Amino acid sequence: MAVDPDQFFASAKSIFDGSDTEISARNSASRAYYYAFHLARQLSDRLPNTIVGAGGVHETLIRKLNGLPYSHSAALKCRSVGYQLALFRKTRTKADYDLGIDFLRSEAEALLLNIPRFVATVEEALDLFKK
């Protein structure tokens, strides 16, 4: 069965609202990050193919978004998406891998609260490709 990126965000909110445990905050942040990641990939698919160097899929995506030449009409919006995604990734990395460090509910909440602005920026960038 196929999954829509919006389902990641719905899951993130449900996990966050359903429990106030640290593991719930971690899982919520992780799901919210993957929502943002998949939206950014949809934007990236509209960009010209460029060589961005070695690295994992997450780092490569961020570099592709941040590397669009300024002469491109969507460059500033894409760079904003890349910058925000990099910040979200730091939170997700802490949530998923830094188990010996406390992960606060407020960290997940901050990510969740920033998602609507991120979505708007992605949509604005996508609109520039329609012109």
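Phe-118 touches Ala-36, Leu-39, Ala-40, Val-81, Gln-84, Leu-85 and Phe-88, leaving out residues up to four places away in sequence. Contact here means heavy atoms within 4.5 Å. This is a predicted model, in which local features need pLDDT of at least 70, side-chain atom pairs count only at pLDDT 80 or more, and totals for chains, interfaces and linings use all residues. Residues are numbered from 1 along each chain as its sequence is written, and side-chain values use heavy atoms, without hydrogens and water.

**The core**

Phe-118 is also among the residues with the most contacts inside the largest nonpolar core, together with Leu-43, Leu-65, Cys-78, Leu-85 and Ile-115. That core has 37 residues. A nonpolar core is a set of buried Ala, Val, Leu, Ile, Met, Phe, Trp, Tyr and Cys residues joined through side-chain atoms within 4.5 Å. Buried means under 20% relative accessible area, exposed over 50%, and partly exposed in between (1.4 Å probe, protein chains only). Two or more core residues come from each of α1 (5–18), α2 (22–44), α3, α4 and α5. Helix α2 gives the most, with 11 residues. Helices are DSSP runs (H or I, at least four residues), numbered from the N terminus.

| Pair | Angle | Axis distance | Crossing |
|---|---|---|---|
| α4 and α5 | about 155° | 9 Å | left-handed |
| α1 and α2 | roughly 160° | within 8 Å | left-handed |

Axes are lines fitted to C-alpha atoms, for helices over the stretch in contact, and angles run from 0 to 180 degrees between N-to-C directions. A left-handed crossing has the near helix turned anticlockwise from the far one by less than a right angle.

Helix α4 covers residues 75–97, and α5 covers 105–130. Their angle makes them roughly antiparallel (over 145 degrees). Their contact includes Val-81, Leu-85 and Phe-88 of α4, and Leu-111, Ile-115 and Phe-118 of α5. By class, its residues are 10 nonpolar, 5 polar and 5 charged. Ala, Val, Leu, Ile, Met, Phe, Trp, Tyr, Cys and Pro count as nonpolar; Asp, Glu, Lys and Arg as charged; the others, Gly among them, as polar.

Helices α1 and α2 are roughly antiparallel too. Among the residues that meet are Phe-8, Phe-9 and Ile-15 in α1, and Tyr-34, Tyr-35 and Leu-39 in α2. This contact has 10 nonpolar, 6 polar and 2 charged residues.

**Two buried residues**

His-58 lies in helix α3 (residues 57–66). His-58 is buried, at 14% relative accessible area. Beyond its neighbours within four places in sequence, His-58 contacts Tyr-33, Tyr-34, Phe-37, Arg-89 and Arg-92.

Ser-30 sits in α2. Ser-30 is buried, at 3%. Ser-30 touches Arg-92 and Asp-96, not counting residues up to four places away in sequence.

Definitions and conventions:
Parallel < 35°, antiparallel > 145°, perpendicular 65-115°, else oblique.
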